[in-house]
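Visitor: I am new to this structure and would welcome a guided introduction. May we look at the model together?

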Amino acid sequence: MERFRADGHLTDEALTALVRDDGLDQLCRLELAEHLSFCDACLQRYTDLLCGTELLTPERSCQETLWARVRARTLRLVTSRYATAAAAVALALTVLWGGQRIQFSRPILPEGRPRLAERLQDWPERWNDALSGTLSGVTDFFDGLRPEIITSGPEDRK
């Protein structure tokens, strides 16, 4: 059997043998498959020959079970997305509308306590006092260590 024509393409006989799986050894099949991998004209002729053959039919159709799975998954996705969105909207509306009805029976701040604006007017002085108090505590700590350092100088070691 001649596999290639003079122009380098596959013969009709070789393509028919490949479709029917007739009398081709492994090396011949590999040669034909390699040629089909890069020659579009022969691949088109091979595909046309395959279209005329009978296709395999499955024992049972998976179309109905597949559609049922697709519908169930779609329903699950849509439900979870809308349920999350509905819960977020319900929470937002509860906070928005429910917050207007909250009334306190007593004032939040005691009467003797100064307001925030009054407390903020003198914050630089209070902050400076707090900072200086902290720094003086640190310096007092190190001042307490100074006599020990002086008494243990090089002249005391002799």
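The following questions and answers go from the whole chain to single residues.

Visitor: How many helices and strands does the secondary structure of the chain come to?
Guide: The model is a predicted one. Along the sequence, the chain reads α-α-α-α-α-α-α. The totals are therefore 7 helices and 0 strands.

Visitor: What percentage of the residues of the chain count as buried?
Guide: A residue is called buried when its relative accessible area is under 20%. The accessible surface of the chain is about 14300 Å², and carbon and sulfur atoms hold 59% of that surface. Among the 158 residues of the chain, the buried share is 9%.

Visitor: How far apart are the end C-alpha atoms of helix 2, and what span should its residues give?
Guide: Helix 2 covers residues 26-38, which makes 13 residues. At 1.5 Å a residue, the helix should span 18 Å.

Visitor: Within what arc do the buried residues of helix 2 fall?
Guide: The buried residues in helix 2 are Cys28, Leu32, His35 and Leu36. An α-helix has 3.6 residues a turn, so residues three or four places apart point the same way. On the other side of helix 2, the exposed residues are Gln26, Leu27, Leu30, Glu34, Ser37 and Phe38. The buried residues line one face of the helix, because seen down its axis they fall within an arc of 100°.

Visitor: Which helices are included in what covers the buried residues of helix 2?
Guide: The cover is described through contacts, that is, heavy atoms within 4.5 Å. It includes residues 12-20 and 40-51, which are helix 1 and helix 3.

Visitor: Which element gives the most to the largest nonpolar core?
Guide: The largest nonpolar core has 12 residues, including Ala14, Leu15, Leu32, Leu36 and Tyr46. Two or more residues of this core come from each of helix 1, helix 2 and helix 3. With 4 residues, the element that gives the most is helix 1.

Visitor: Is Thr11 buried or exposed, and what is its relative accessible area?
Guide: Thr11 lies in the segment before helix 1. Leaving aside neighbours within four places in sequence, Thr11 is in contact with Glu2, Arg3, Phe4, Arg5 and Arg45. Its side chain also reaches the backbone oxygen of Glu2 at 2.8 Å. Since buried means under 20%, Thr11 counts as buried, with a relative accessible area of 12%.

Definitions and conventions:
Residues are numbered from 1 along each chain as its sequence is written. This is a predicted model: local features need pLDDT of at least 70, side-chain atom pairs count only at pLDDT 80 or more; totals for chains, interfaces and linings use all residues. Side-chain values use heavy atoms; hydrogens and water are left out. Buried means under 20% relative accessible area, exposed over 50%, partly exposed in between (1.4 Å probe, protein chains only). Accessible areas come from the Shrake-Rupley method with a 1.4 Å probe; for residues, only the protein chains shown count as cover. The expected span of a helix is 1.5 Å times one less than its number of residues. The arc is that of the directions from the helix axis to the C-beta atoms. A nonpolar core is a set of buried Ala, Val, Leu, Ile, Met, Phe, Trp, Tyr and Cys residues joined through side-chain atoms within 4.5 Å. A polar contact is a pair of N or O atoms within 3.5 Å; within protein, one must be able to donate a hydrogen and the other to accept it, and residues adjacent in sequence count only if both atoms are side-chain atoms.
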